[in-house]
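Thanks for taking a look at this one with me. Below are my notes, point by point, to read alongside the model.

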Amino acid sequence: MQGVARNFFTLAIIYSLCGMALGLHMAISADHGQMPTHAHTMVAGWLMSAVFAFFYHLFPAVAQKTLAVVHFWLTAISGIGLMIGLYVMLAGHPAIEPVLGISSMAFYAGMLLFAFIALPAIWKN
Ligand code: HEM
Ligand code: HEM
């Protein structure tokens, strides 16, 4: 694995370690108040980043494009903003909500960009 694929897979591993640590913390403390943070870190973080990593590994020519690098940074920065924002909000600080809103929309924009990158690649030939 190289480039954008390797970056996405590294990000996926970081999400999995943080998300599972949070899951263990919830289970041990019997306080499931951070369940949405855990769920999104595991599924939108670990699983989605791993899917992106394997896509770019399967399509190395697409991974070379500048748009793929933009997709990585947009997804990484907004995703981290989303997870941290959610954690802080559920910890009882609703003032973080604008950060959460902006991060969510940027994360959606990242998915839209991925659709624009991936669909032409899989429909070629
Ligand atoms: C160390 C391993 C893990 C622990 C200790 C753990 C713990 C938990 C706990 C305590 C909850 C809250 C359950 C509730 O309140 O109903 C939860 C929910 C959840 N977990 Fe984990 N988890 C782990 C791994 C994972 C993994 C690997 C994934 C996915 C790849 C995952 C995805 C989810 C999801 C999606 C929910 C929300 C389920 C719902 O909507 O009801 N978890 N987990
Ligand atoms: C634009 C980004 C996203 C926003 C704003 C968002 C928002 C939400 C909201 C408001 C809920 C309900 C939470 C609750 O009732 O406590 C939810 C639940 C959930 N979402 Fe998302 N979501 C986003 C992206 C995703 C993505 C990309 C995935 C998976 C790949 C995902 C997986 C889930 C799961 C598994 C649940 C159920 C677990 C829970 O209740 O926390 N979400 N999401």
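1. Let's begin at ligand 2: one of its nitrogen atoms sits 2.8 Å from an N or O atom in the side chain of H40. I use "polar contact" for a pair of N or O atoms within 3.5 Å; within protein, one must be able to donate a hydrogen and the other to accept it, and residues adjacent in sequence count only if both atoms are side-chain atoms.

2. A word on the ground rules. This is a predicted model, in which local features need pLDDT of at least 70 and side-chain atom pairs count only at pLDDT 80 or more, while totals for chains, interfaces and linings use all residues. Residues are numbered from 1 along each chain as its sequence is written, chains are lettered from A and ligands numbered from 1 in the order in which they are written, and side-chain values use heavy atoms, with hydrogens and water left out.

3. Helices here are DSSP runs (H or I, at least four residues; strands are E, at least two), numbered from the N terminus.

4. Which residues surround ligand 1? They are M20, G23, L24, M26, H32, M35, H38, A39, M42, V43, W46 and L47. Two or more of them come from each of α1 (3-29) and α2, and α2 has the largest share with seven residues. By class there are nine nonpolar, three polar and no charged residues. Two histidines are worth a look: a polar side-chain atom of H32 is 2.6 Å from an oxygen atom of ligand 1, and one of H38 is 2.8 Å from a nitrogen atom of ligand 1.

5. Now the aromatic rings. There are eleven aromatic pairs in the structure, a pair being Phe, Tyr or Trp rings (the six-membered ring for Trp) with centres within 6.5 Å; planes under 30 degrees apart are stacked, over 60 edge-to-face and the rest tilted. F55 and F59 are stacked, 4.7 Å centre to centre with 25° between the planes. F55 counts as buried because its relative accessibility is 10%, whereas F59, at 26%, is partly exposed. The cut-offs are under 20% relative accessible area for buried, over 50% for exposed and in between for partly exposed (1.4 Å probe, protein chains only).

6. Y56 and F114 make an edge-to-face pair, 6.1 Å centre to centre and 70° between the planes. This pair links distant parts of the chain, from α2 (residues 35-58) to α5 (residues 97-123), 58 residues apart. Y56 is buried at 1% relative accessibility, and F114 is buried at 10%. F8, F52, F55, Y56, F59, F72, W73 and F114 form one aromatic cluster.

7. Finally, the helix spans. Residues 102-123 are 100% helix and 0% strand, with end C-alpha atoms 32 Å apart. Residues 40-59 are 95% helix and 0% strand, with end C-alpha atoms 26 Å apart.

Technical notes. A residue is near a molecule or strand if one of its heavy atoms lies within 4 Å of it. Ala, Val, Leu, Ile, Met, Phe, Trp, Tyr, Cys and Pro count as nonpolar, Asp, Glu, Lys and Arg as charged, and the others, Gly among them, as polar.
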